[in-house]
Every structure is written in C-alpha cells, then in structure tokens.
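Here are my notes for you, written as numbered points. Keep the model open while you read.

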Amino acid sequence: MDDYINISSEEEDECFSDRESYDGLDNEESDSQWVPPKPSSIKVITKESILAAQKEDLRRVMELVSLREHHARTLLIYYRWDAEKLFSVLVEKGKSALFAQAGVPLVESLDPDTTLSSSMVMCNICMEEVSGWEVTKMDCGHCFCNNCWTEHFIVKINEGQSKRIRCMAHKCSSICDEAVIRSLVSKRHPDLAEKFERFLLESYIEDNKMVKWCPSIPHCGNAIRVEDDEFCEVECTCGLQFCFSCLSEAHSPCSCCMWELWLKKCRDESETVNWLTVHTKPCPKCHKPVEKNGGCNLVSCICGQCFCWLCGAATGRDHTWSSISGHSCGRFKEDVVKNSERAKRDLYRYMHYHNMYKAHTDSFKQESTLRETIREKVENLEKRDPSARDFTWVTNGLYRLFRSRRALSYSYPFAFYMFGDELFKGEMTEKEREIKQNLFEDQQQQLESNVEKLSKCIEEPFDQFPEEELMNTRMQVINLCVITDKLCKKMYECIENDLLGSLLFGIHNIAPYHSKGIEKATELTVCHTSKACNTGPAIKPDDDINGCTLESYQPSGSGSSDQSGCSSRKRPRMENFGGAFFDLNLPAEVMEGN
C-alpha cells in the first residue's frame, strides 16, 4: 500500500476546503442546500429534570391509553418504562391482557376516595367493626380499614416493594393507588412517605433499560437516556465517555462480554497461573510451586521434600548417575505433555494480544498530550503568516488519530476472543476460522499502518517547514484522515456482518462506528403541552384493538426489539457515512478552550 492515497483536486476542493470550521464544512462553490444536523437522540437527565422526564412518559401513556396517572405509572413500571413495548402489547394482546399482567383493574371504581356510609363496616383483615369513614376502597373493589392499609403499606415500603404494592385481598393482583398510599402513610410516618416518593421517582432510572446513571467518579449526578439503541457509546456533559450497555469505558469494537472477560483476564492472576504451569511444578508435600534453577532433575523444596522434576513424584535424597533413590519415571505420560504444551501456547497467544493492546493504549496516552503541542504549532504558523489559511486540518487530523487509535487498540481484545476457543468454540471450523482471521487481520494491519503514518505526520515539526513542504504535509494529513476513517468503517462492518453476524449460538452486539466520534448527550427539553407529547392517535377505552396488527402501530423510540425486550442481532445502521470524510466535532474541553 502506498504511503498515502492521493485525492483528486476536484474531490479535495469539494470536501477539504480551507474554509473548514469546527461546526461543519462551508463550501461556497457548493450548490447543495444546507441540511441542519440531526438532533442528538441521547439526553442528559439531571436530578432536577427526572420528575419532568417521568411526567412526560406518564402523560404520553395517559393520553394514548386514556388512563389515570397512577395506573399509567403501574403499567410503565411493569414494562420497565418501555412505552413502545407497552403499546406493542396493547396492539397485539388487547387491553384486558395488558391490564391483567400489570395488575391494573380493567373496570375502575367511580371514585376510590368516596367514603362509605357512616354505618359500621367489618374489616376482613383485623375482623373489627369500624366506622365507614375509617375504611378505604381501592380500584379493584376491595375495602379494608385505614389502620390495616397503613400497616400493610409501611411493611411493603420498608421491604423495598414500594414501587408495586399489591392489594391485601387474597389472590388479588391489583396495584394500590399511590395517592392513597401517600395519604395514609404520611399521617403516621411522614419520613416514610418521603421515602416512598423517592422510590417512585428513582424507578424511572433504576427500572428503565434506556436510562442509566452516569458512572463518573465522583458522581456528577446526571443520568443518560438513549432513544434508538441501548448498545451504544455516549459522552455525558461531565466529559466521561462510556459504554451505555455495561457502563464501563467505551470499548468498541469489543462486545461487553468480551471486554468484561478481558478486564478480568488482565487484572486477576490467570496468566500468572499459566506461567507457573509452564515454568514450575508443585511440591508433592506442601504443594507450593518450585522453579528449577539447575540441570539436575532431583529438586528440593524449601520444606525439605525432594522430588523428581520429570514426573513430580516424591523421592529420596540420593541421586546417582543411573537413578534417583526410590524412584523411576521412564514412562511417557502424554496427558502431562499435552497440558504443558497447551498452557505454553495459551500464554504466548495472550502475551501477543496483550502486548499489542498495551502498545496502542500507551501510544494513545502519549498522543493525548499533543493537544498543547499542536496548539503551539498552529500559533507559530499564524504568527509567521497572519494572512495564512485556516489550519483546522491539524486539529481534525489529531482527533481522527485519537479515534482510530482507540478503535485499533480495542480490536486486539476482540480478536483474542473472536478467534479463540473461550467464547466461540464450535461456532466455526478450523478452515472457516483461518479464513475469517486472515480477513480481519488484513484490515487490522492496514488500519494500523495508516494510523502510524498519521501519527508521524502529526508529530512532525511542520510549523518549521517551508511553504511547499507544509502543503505536502497538509495533503498527507487530509488523505490519511480519509483513509483511516474508511478503514475503521470497513473493519466495523466486517466485525458486524462477517464475524459476529454469522454466529449460530452466541449474540454479541457492539456499538456502531461514528465518524464524528462518540455522540455527546444534550440537555433534556421536556415538552409541556399535550399536543407536543402526543405521538399518535389516542386509543380509546372502548376501542377494539385485538384485531389490530403490528403494522398499524409503529414504535418510534426504542430501536428493534422482540417481545422479550432483547435487541435483535442485526442492528440497522443509524447513519450514512458516505459523505462524512473526517471529524469536525471536537471534544467539549477543546471547544471551551478555543
């Protein structure tokens, strides 16, 4: 492969004009109409906006299904705040099945707070007669005294079941009205009523698979909500970039399962055990590992026990030219040899992938310090020629280097598990494994080669170059940005379609590749009008929806999912990368610095 691929002058004028800016490309010669950027589907929910976000989802369900607020909350908590799944079940199974599963009474009482007559009423829990003014009737129709209800609620709240407190009646699965719970508990235990309120509020995050707390340490207090796909990487407003699915650091193209295994393998003593297996043998008496430091096969442990290094059996202390006292081990033991060879092979394989991963990770850390150096170089160029062109190609090249280096470093843990036996044993024949490994490694090596070339160009003292050499460096950086971006896309497509997409048993999802880097979350703006929140025609209580099909209602906010809520293996690509040649979306700290 050549040092860099030249781009035609026409293509360069179209895509890499000197009028580049951090916000986008500004080409005066282009006749195409400007298209506003797609709004971010990732939202930041602060402590102050949790209630507003919760009210937004509640209002949506209340309007579409014509329910009271506490019944809408019961449905959403049961379906883990997945409104799209709730509507899908409503369309497929009907209102009766939907309400029965969630514990919502199909026929509500006219007014659950309406008191009974002033006559005496028998409570079926405490078996005492109380005044009709001292009993409460729930939506399900069951009526008990306020004292029994209060004790029931207090026990359930203390047990942590406050989000779904069921009716006390035998075999009744209806969920109690939260307003009644709040009213009765607050009279006796105001602090417990506040705890109940907090549980209801936090259920929006704790039970919602599309909303999770930011894992920053110390905690920034933000939660992140995604709308399209839970298998993604996000950046919180605090600056932390992480995997939304597993809440660890951003690790694509590794799947969450692979990354968890890799971290465990790197931090525990598994590879130390492999080394001990290869280079030491256990003492037959104290079982401590012993390393041989000489040529004699009669070794002695620090505990005093002598044993044969060849087979590990205990022996006497005498050793002659023909035998070891009290021992003979001339028989070949195939299993022992196989285990030792396997341990050596696994150790060397792990060391190769770990060394490559560590090398690129260290390079990424070193290159992260180039921000100030690049800024100084650009300032020197501007001082040398105040009327010089825009030098944003330098910054674009730097951040393209960051993202390509990160993807390259995490591709080695992926390859370690993809082509090993730990996760995918039996998924591929040896021939298929060899073909796929060669395909992936060819793409990986092409990306690695161009990333190193880009790194070399960025680190050169181009601020001291003459004008002609500076323009050559500029063209190299721009071309390498295009190449590394395309190679990253190609590698991700290979992983998703040819490697992970062809699996028969295991399902591994990875975060998609974005040319502009990890998407940044934006502040949640909650609509306050019912028209803005209404995403479809309201489903009336008397509507017959049992005959509807899924085509009559298309969910719009939770990506592709099946009835169990699991993401499908084949995820549609969310954006077209055909025209995005390089990144202009700089990290927040750089924008603030500028």
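This is a predicted model: local features need pLDDT of at least 70, side-chain atom pairs count only at pLDDT 80 or more; totals for chains, interfaces and linings use all residues.

1. Let's start with a term we'll need. A residue is called buried under 20% relative accessible area, exposed over 50%, and partly exposed in between. Met356 has 23% relative accessibility, so it counts as partly exposed. You'll find Met356 in helix H11, which covers residues 334-367. Have a look at Leu408 too: it sits 52 residues from Met356 along the chain, and the C-alpha atoms of the two are 9.6 Å apart.

2. Next, the aromatic rings. How many aromatic pairs does the structure hold? The count is 20. One of them is made by Trp393 and Phe462, a tilted pair with 5.8 Å from centre to centre and 50 degrees between the planes. Trp393 belongs to helix H13 (residues 392-418), while Phe462 is in the loop between helix H14 (430-459) and helix H15 (467-499), so this pair ties together parts that are 69 residues apart in sequence. Both Trp393 and Phe462 are buried.

3. Phe414 and Phe440 give you another tilted pair, at 5.4 Å centre to centre and with 55 degrees between the planes. Here the link is between distant parts of the chain: Phe414 is in helix H13 and Phe440 in helix H14, 26 residues apart. Phe414 is buried, and Phe440 is buried as well.

4. While you're looking at rings, find the aromatic cluster that includes Trp259, Trp262, Tyr350 and Tyr410. Tyr350 also has a charged neighbour: Lys265 lies over its face, 5.6 Å from the ring centre.

5. On to helix packing. Two packed helices are described by the angle between their axes and the distance between the axes. The axes of H13 and H14 come within 9 Å and cross at roughly 155 degrees. Are H13 and H14 roughly parallel or roughly antiparallel? Angles over 145 degrees count as roughly antiparallel, and H13 and H14 are therefore roughly antiparallel to each other. Their crossing is left-handed. The contact of H13 with H14 has 13 nonpolar, five polar and five charged residues.

6. H13 also packs against H15, at an angle of about 30 degrees and with the axes 10 Å apart. Angles under 35 degrees count as roughly parallel, and H13 and H15 are therefore roughly parallel to each other. The crossing of H13 and H15 is left-handed. Sorted by class, the contact of H13 with H15 has 13 nonpolar, six polar and three charged residues.

7. Most residues other than glycine have a negative phi, and most peptide bonds are trans. Against that, the peptide bond from Ile217 to Pro218 is cis, with omega near -5 degrees; Pro218 lies in the loop between strand S6 (211-213) and strand S7 (223-226). The bond from Ser252 to Pro253 is also cis, with omega near 10 degrees, and Pro253 is in the loop between strand S9 (241-243) and helix H9 (256-267).

8. Which loop holds Leu247? It's the loop between S9 and H9. Leu247 has a positive phi, near 65 degrees, in a residue other than glycine, and is partly exposed at 33% relative accessible area. Arg80 has a positive phi too, about 55 degrees, although it is not a glycine. Arg80 lies in the loop between helix H3 (69-78) and helix H4 (83-93), and its 45% relative accessible area makes it partly exposed.

How values were computed. Residues are numbered from 1 along each chain as its sequence is written. Side-chain values use heavy atoms; hydrogens and water are left out. Rings of Phe, Tyr and Trp (its six-membered ring) pair if their centres lie within 6.5 Å; planes under 30 degrees apart count as stacked, over 60 as edge-to-face and the rest as tilted. Helices (H or I, at least four residues) and strands (E, at least two) are DSSP runs, numbered from the N terminus. Buried means under 20% relative accessible area, exposed over 50%, partly exposed in between (1.4 Å probe, protein chains only). A charge sits over a ring if NZ of Lys or CZ of Arg is within 6 Å of the ring centre and within 35 degrees of the ring normal. Axes are lines fitted to C-alpha atoms, for helices over the stretch in contact, and angles run from 0 to 180 degrees between N-to-C directions. Angles under 35 degrees count as roughly parallel, over 145 as roughly antiparallel, 65 to 115 as roughly perpendicular and the rest as oblique. A crossing is left-handed if the near helix is turned anticlockwise from the far one by less than a right angle, and right-handed if clockwise. Ala, Val, Leu, Ile, Met, Phe, Trp, Tyr, Cys and Pro count as nonpolar, Asp, Glu, Lys and Arg as charged, and the others, Gly among them, as polar.
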